Amino acid sequence: MNNEGISYRVARVTLQLEGEHPAGLGFFSEDDPRDPDRFVAGDSGPSLDEKYQKAEADAKRVRRAEEAFQWVSCAITPITDHLASLGAIRADNCSNAIFGSAGACHDPTFFIVYECSPQASAHLVELGNLEAALAGVSCDELVEFDVSADFLTVDDDPLLIVQAVFNAMPRREAFAGVGIWGGTGTPERLPQEDEGLSGWLERVALSETDLAAMAERWEVVGRDIDLFNAFGSHLECGGPQEVEFLVPGVLARGAITSLVGTNGVGKSTIAHEWAAILTGEPLSRPRKILGKAVDGCPRVALVSGEDGPGRVNERSNKLSTVWGVSRYYRFDGTSRSWDQIYTWLERAPQLDLVILDPVRVAMTGNEDLSGDASNFYDDLSRLARIKKCAVLVVHHLSKGHPRRLSDLRGMVRGSGVHVDRPRMVIGIIGRANGAIEIGPIKHNFDPDTVWSKLNEGTLYQRDPASDTLIPLAEMVESSANQDRTSRVLAAIARLNDAGQIVRRSGKTGLFEMRLPEMSGLSRNVILETIEELAQSGSIAIASDGGLVAQNTD
């Protein structure tokens, strides 16, 4: 494929998974792991047929198949991480669409699009030499390398191959391209909905310089995947150059955020509302969390360890009056073990946010001991990294009476690990007249990317009818708007009753009459209010321009 004189080609890397689960279960990635009959007991006999018969007779085969699936998914994550770091594009089943049923398989598959040059293919051969690092990985180049006859049936014309790959790839969305075996995806490199072939190639194709630098780095580290990802400049091994937020400045992907506050301040309700905002269809308010707009269709999981299904459903019904019907995973931590829930979370094909309410629902051991707390956050960090999701944990404070947000950091219950490990800690403190203040009390982000300054919060008031939070500033503004509306309408009605003519402007204009009811209202505000009242039908405008109140009840 030529794009302004540049020739592009495509290489493919396939993970051919074939082995045996530690529990004695054989697996083949070319099969669908969701079919338990495709998993075979390792010690059932010398023939494959006998193993299949054994598996079919085994009443535990479904459970064992799920165990093998999870084991393999976790095992391939370091490999898929490495391939993604090379600039490869994850697109499982893409071969099926290109080559038809003859090329059908379930293998995790990556494609590398590159600018063709005399040395480019040689660099790819070097990068594809993973045998020393991992057995069972193959690298095929769809155009110039020797490949199976199934692939040659398309055409050996590079232009057709590049076009076919582009057409077959799924369009960009979270975790698109990742097949049934899980592992790392690269949705940011998939074609966007409105993106043409030329634009996509310009964005994702690797140059000879890129390939040469990676090949040299691969040789220097002795073809060791872990060393490769640790060696080089910050641009080479530092991962994404910008933090990706699910909610701008609030919830970061791949990171843990903690929500802390005193008992009864509404932590669980706030966490639940965030799940509703992210996954619902708002009926009366814009989708905002802490003032930051959210979009898309995130997949959220709420693990509730204090509130049973009845309380969770009751809260959902109230929230739905504002945010519409919300759809997300709901796990009852009061009746299910964390190990079981964690396994389910790993299996979810897309996961953007996991909410644990509270920390104790998932943590084993003593929350006061740094070792136990560190093990807990290690598991959460791993989940956040593998699923590229944000994790929100709800945690309590020790006893005390904080006066400022900054007081909360020293009052978080348990080991200091509960403050140190989360990338951000959001504090909630009660204020007068039922208001609450919410703000960050700790974070490890660029301050310019966080929604509020450290230890500076925003005041909210809870709407008891819907269990939702409303910024106090908006309520004050709304109250002021209602106040000016009632004042203008009452003034017009009083003048009507007195037989006095009142108009928009002029000598008999409402502002010009300097009425005591209009004290503090500017001319523009009065004119805007008159227009609003006229549009709502609360006043009528006579043919001579006079204002007539229609309804003062």
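Modeller: Gladly. pLDDT is the predictor's confidence in each residue, from 0 to 100. Keep that in mind, since this is a predicted model. Over residues 135-156 pLDDT stays under 50, and the model has 51 contacts beyond four places in sequence for them. Residues 20-48 also stay under 50, with 85 such contacts.

Colleague: How should I read places where pLDDT is low?

Modeller: Where pLDDT is low, the predicted coordinates should not be read in detail. For the protein chain as a whole, the average pLDDT is 78, and 75% of the residues score at least 70.

Colleague: Thanks. How many helices and strands does the protein chain have?

Modeller: The protein chain has 18 helices and 23 strands. Of its 553 residues, 47% are buried.

Colleague: What makes the pairing of threonine 186 with arginine 90 a polar contact?

Modeller: The cut-off for a pair of N or O atoms is 3.5 Å. The side chain of threonine 186 reaches the backbone nitrogen of arginine 90 at 2.8 Å, so the distance falls within that cut-off.

Colleague: And aspartate 224, why is it given its accessibility class?

Modeller: Aspartate 224 has 31% relative accessibility, so it counts as partly exposed. Its place is in the loop between α8 and α9 (225-230). A polar atom of the aspartate 224 side chain lies 2.9 Å from the backbone nitrogen of leucine 227.

Colleague: What makes the backbone at leucine 290 worth a remark?

Modeller: Leucine 290 has a positive phi of about 50 degrees although it is not a glycine. Most residues other than glycine have a negative phi. Leucine 290 is found in the loop between β12 (288-289) and β13 (292-293). With a relative accessible area of 10%, leucine 290 is under the 20% cut-off and therefore buried.

Colleague: Where does aspartate 467 lie, and what is its phi?

Modeller: Aspartate 467 lies in the loop between β20 (458-463) and β21 (468-471). Its phi is positive, about 65 degrees, although aspartate 467 is not a glycine. At 9% relative accessibility, aspartate 467 counts as buried.

Colleague: Which peptide bond is cis?

Modeller: The one joining aspartate 357 and proline 358 is a cis peptide bond, with omega about -5 degrees. Most peptide bonds are trans. Proline 358 lies in the loop between β16 (353-357) and α14 (370-387).

Colleague: Last one: how do you describe the way α4 and α8 meet?

Modeller: Two packed helices are described by the angle between their axes and the distance between the axes. The axes of α4 (residues 120-127) and α8 (residues 208-220) come within 9 Å and cross at roughly 35 degrees. The crossing is left-handed. Residues making the contact include His123 and Leu127 of α4, and Leu211 and Trp218 of α8. By class, the contact of α4 with α8 has 8 nonpolar, 1 polar and 3 charged residues.

Key:
Residues numbered from 1 in each chain as written. Predicted model: local features only at pLDDT ≥ 70, side-chain atom pairs only at ≥ 80, totals over all residues. Heavy atoms only, no water. Helix = DSSP H or I, 4+ residues; strand = E, 2+ residues; numbered from the N terminus. Buried < 20%, exposed > 50% of the residue type's maximum accessible area, 1.4 Å probe, protein only. Polar contact = N/O pair within 3.5 Å; in protein donor to acceptor, adjacent residues only side chain to side chain. Axes fitted to C-alpha atoms, helices over the stretch in contact; angles between N-to-C directions. Left-handed = near helix turned anticlockwise from the far one by under 90°. Contact = heavy atoms within 4.5 Å. Nonpolar A, V, L, I, M, F, W, Y, C, P; charged D, E, K, R; others polar.
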